Amino acid sequence: MSRRILHLGLGNFHRAHQAWYTQNAGDGWNITGVSLRSPNIRDALAPHGYDYTLAIRDAGGERLEKMTVLEDILFAKEQSEQVLEAIAKADLITLTITEKGYCLGPDNRLNKSHPEIEQDLSGELTSAIGYLAHGLARRDTPVTVMSCDNLSANGHALESALREFAALASLDLPVGLTFPSTMVDRITPATTPALSTHIAALGLPDAAPVETETFSEWVIEDTFAGPRPAWEKAGAQIVKDAAPFELRKLRLLNGAHSALAYAGLLKGYDYVHEAIADPDLRAMVEGIFTEASKTLPSAVETLSYRAALLSRFENPNLHHKLRQIAMDGTQKLPVRLLGTIHDLGGDAPNCRKGVAAWIDFALSEHAAGRALDDPRAGDITKACPEPQALAKLIGYTG
C-alpha cells in the first residue's frame, strides 16, 4: 500500500519542487493536496486525474515531464471535514503557504490578533495553522509536519505557531510530532496562457501546467517522526542542520531577487533576465552577493553558488516576472536584506539600495493609485508618501 503526504498549499512552487522530488524518488508515495484559497487548481486538474505537465527550461532548451504523483486535491472551504480527516491519517504533512500564510507577527511568533486566527478561534477554520491544529488533535500517533517556505528557521516557526494556537484553542496535540527545518530552491514563474497553448500543441496534459528551471535544491533536517520518501534519490540533501543553507539562500538568492525586482520595475523592466542584463542592476546584485557572503558561516560554499545564481537569473527561456517577486515585501525584506545590513553594522550599501528600491517602488505604486500586493497594503498606503514611515514598517532605521 502506498504512503501518502498531505500537502497544504498547492501552488506552482510545490508542483515544481516537492512533488517533483517525491515522484522522482520512485518509492510509491502519493500526495493529497489541499487548496486553502481557491478551488481552481482542483477543478482544472480533476478531469485529468490530477496529472499535469512540468516544463523544465534553461538556456539550452526545454524538457517536459508528466507529473502523476498527485492523487487527490481538496478545497478546504468546501471540504473542511475531509481536510481534517486527511491530516489525521496522513503519513507525512508538508506546507508551501508562503510567509504570510503562517499568520506571524514581527517577532516571528503567532499573531493572535490576525483576522484569520481570530476567525479560526471563533470556530470557522480558515488558516493553515487552524486546520493543522484541529486535524493533528484527532491523531493518536506522531507525524512529521514540514514547512517548505522561505521562513527563517521555518520548522521552529511552524511548531511555535502551531503549539501556541493549540493552547489558545484548548487542543491536545499528539506526543512526538517533529518539525524539520528546510531550505527550498527552484525558480518557478506563474503559469501563462502561452505555456498552456505550447503544452497542448505537443499533445501533453495542458491543464494548469508549470514551468521551472533545471536547477533545484532541497535541504532537509533529519528529524522525522515516521516514514518519508527517499527524496535523496532525487537529489535532496538530508542534513543535521539546515540553517547555514537556509541563510545562504535567503540572503544571496532571495535578497538579490527582491532588490532586483524593485529596482528593475522602477527602470521599466518586466522580467528577471531583462533586469540582470542592466549593468547597474547587475553590479548591485553582485554587491549584495559580496555583502551577504560576509555574514554566512564557513559551512556553506558561496563562490560557485553565486556563479550559478547569475546564470539562473540570465535564463532567457524562463520568463520570471519581477512583479511576482515583488509581492509581500514587508514579509520578505526583513529576512532577505535587513539581516545582512544588521550583521554588517549598516555597512552594506547594496543591500541598502535594495531597501531604498522597495521604498521608491511603494511610493511609485501609491502615486499611480495601485495598492501593493502585500498583506500590509493598508499600512503601506497610510505610510505613503513618507519614506521614513515606510522604512519603519519593515524595521529599517536607515
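Reader: Which residue lies over the face of Trp20, and at what distance from the ring centre?

Author: The model is a predicted one. Arg186 lies over the face of Trp20, 4.7 Å from the ring centre. The cut-off for a charge over a ring is within 6 Å of the centre, so the distance qualifies.

Reader: Where does the charged end of Arg228 sit?

Author: Over the ring of Phe224, at 5.3 Å from its centre.

Reader: Why is the pair of Trp218 and Trp231 called tilted?

Author: The structure holds five aromatic pairs. In this one the ring centres are 4.6 Å apart and the planes stand at 50 degrees. Planes under 30 degrees apart would count as stacked and over 60 as edge-to-face, so 50 degrees makes the pair tilted.

Reader: What parts does that pair tie together?

Author: Trp218 belongs to strand E10 (residues 217-221), while Trp231 is in the loop between E10 and strand E11 (237-239), so the parts tied together are 13 residues apart in sequence. Trp218 and Trp231 are both buried.

Reader: What makes H11 roughly antiparallel to H12?

Author: Helix H11 (residues 279-293) and helix H12 (residues 303-314) pack at about 150 degrees, with axes 11 Å apart. Angles over 145 count as roughly antiparallel, so H11 and H12 get that label. Their crossing is right-handed.

Reader: Which residues make the contact?

Author: Among them are Val285 and Phe289 of H11, and Leu309, Leu310 and Phe313 of H12.

How values were computed
Residues numbered from 1 in each chain as written. Predicted model: local features only at pLDDT ≥ 70, side-chain atom pairs only at ≥ 80, totals over all residues. Heavy atoms only, no water. Phe/Tyr/Trp six-rings, centres within 6.5 Å; stacked < 30°, edge-to-face > 60°. Helix = DSSP H or I, 4+ residues; strand = E, 2+ residues; numbered from the N terminus. Buried < 20%, exposed > 50% of the residue type's maximum accessible area, 1.4 Å probe, protein only. Lys NZ or Arg CZ within 6 Å of the ring centre and 35° of its normal. Axes fitted to C-alpha atoms, helices over the stretch in contact; angles between N-to-C directions. Parallel < 35°, antiparallel > 145°, perpendicular 65-115°, else oblique. Left-handed = near helix turned anticlockwise from the far one by under 90°. Contact = heavy atoms within 4.5 Å.
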